[in-house]
Amino acid sequence: MFNIKKRDYNRRYPKDYGLIRTVYITLFLWFVVWPAAFLWYTAKITGWKNIDRKKRYVYTSNHQSYIDAPLISVVANAPVAYMAKKELYEHKNPLIRFLVISLGAYSVDRENPEKATLKTIIDIVKHTKWNLGMFPQGKQILEGEKFKDIKPGFVSIAKLAKMDIVPIAICNFTGYTWIPFKKHLTLKIGKPISYELPEEEIVKQWVDYMEENVE
């Protein structure tokens, strides 16, 4: 599971999301992510009632930092397979490389998406109980036109997976900290957006939610 030798992580298989990694993810979530979210960032979560715990979703959020994916996992409270840009697998920080790989993310070439990435998604949907996680902005954006030119790739994935999209607004991020109780994040869980809606309507609803809720 912790093999981080060079390979193409755009193609991952059902065995990569088996019992061992599921248990590992669950323990990591309970003993690392939850304490960090509530001790270091005093995270407040609203909208819990919008999620049906019996369903799987494509979890999405605005993208500001490396802690966004763990925060989404806090909301999902379940294993989430994230789409990650291929550059992260060669990141200069070995901890980031290790976490991206060991936690089950699969890579995507944003300029030239490959069939292997699509096959990975199909395997996750058909042969595992994992949720999917994506960042429609495609990159970390702190300032400026935050929700312009949103690419519809996340809609295509949701339609392929036949999973509704849960928008999560991550609010008040002002930087990283190692000091407990210094930051005050809020995670706002929106109502799921049906994957059966037209693509343009899904993108519009996602953008509208983010513009109304991200502070």
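A salt bridge here is a side-chain nitrogen of Lys or Arg within 4 Å of a carboxyl oxygen of Asp or Glu. I keep that cut-off beside me while reading this predicted model.

**Entry 1**

I started with Lys 204 and Asp 208. They form a salt bridge, with the closest N and O atoms 2.8 Å apart. Both residues lie in helix α6, which covers residues 199–213. They sit four residues apart, about one turn of the helix. Lys 204 is partly exposed, at 46% relative accessibility. Asp 208 is partly exposed as well, at 26%.

**Entry 1: the other bridges**

How many salt bridges does a search of the whole structure find? I get four.

I looked next at Asp 123 and Arg 11. Their closest N and O atoms are 2.9 Å apart, and the pair is a salt bridge. Asp 123 belongs to helix α4 (residues 115–127), while Arg 11 is in the segment before α1, so the bridge ties together parts 112 residues apart in sequence. Are the two partners buried or exposed? Asp 123 is buried, with a relative accessible area of 13%. Arg 11 is buried too, at 17%. The cut-off for buried is under 20%.

Then I went to Asp 164 and Lys 55. Their side chains meet in a salt bridge at 3.2 Å, N to O. Asp 164 is in the loop between α5 (153–161) and β6 (165–171), and Lys 55 is in the loop between β1 (44–46) and β2 (58–61), so this pair ties together parts 109 residues apart in sequence. Asp 164 counts as buried at 15% relative accessibility, whereas Lys 55 counts as partly exposed at 38%.

**Entry 2: the chain as a whole**

I stepped back to the fold. The secondary structure comes to six helices and seven strands. Along the sequence I read the pattern α-β-β-α-β-α-β-α-β-α-β-β-α.

For the dimensions, I took the C-alpha trace along its principal axes. It spans about 45 × 40 × 35 Å.

Residues 24 or more positions apart account for 73% of them.

**Entry 3: inside**

What share of the 215 residues is buried? I find 50%. The largest nonpolar core has 69 residues. Among those with the most contacts inside this core are Tyr 59, Tyr 89, Tyr 106, Leu 132 and Trp 206.

I followed Trp 206 further. Leaving out residues up to four places away in sequence, I listed what Trp 206 touches. The list includes Thr 60, Ser 61 and Asn 62, then Pro 136 and Gln 137. It also includes Phe 147, Ile 150, Phe 154, Ile 165, Pro 167 and Ile 193. Phe 154 and Ile 165 are themselves among the core residues with the most contacts.

The accessible surface of the chain is about 11700 Å². Carbon and sulfur atoms hold 58% of that area.

I looked up a nonpolar patch on this surface. Which residues make the patch of about 650 Å²? They are Leu 19, Val 23, Leu 27, Trp 30, Phe 31 and Val 32. I placed Val 32 in helix α1, residues 19–40. Val 32 counts as partly exposed, at 42% relative accessibility. A patch residue needs over 30%, so Val 32 clears that cut-off.

Note on methods. Residues numbered from 1 in each chain as written. Predicted model: local features only at pLDDT ≥ 70, side-chain atom pairs only at ≥ 80, totals over all residues. Heavy atoms only, no water. Patch = residues over 30% accessible without salt bridge, like charges linked within 9 Å, V, L, I, M, F, W, Y side chains within 5 Å. Areas by Shrake-Rupley, 256 points an atom, 1.4 Å probe, with all protein chains shown as cover. Helix = DSSP H or I, 4+ residues; strand = E, 2+ residues; numbered from the N terminus. Buried < 20%, exposed > 50% of the residue type's maximum accessible area, 1.4 Å probe, protein only. Contact = heavy atoms within 4.5 Å. Core = buried A, V, L, I, M, F, W, Y, C linked by side-chain atoms within 4.5 Å.
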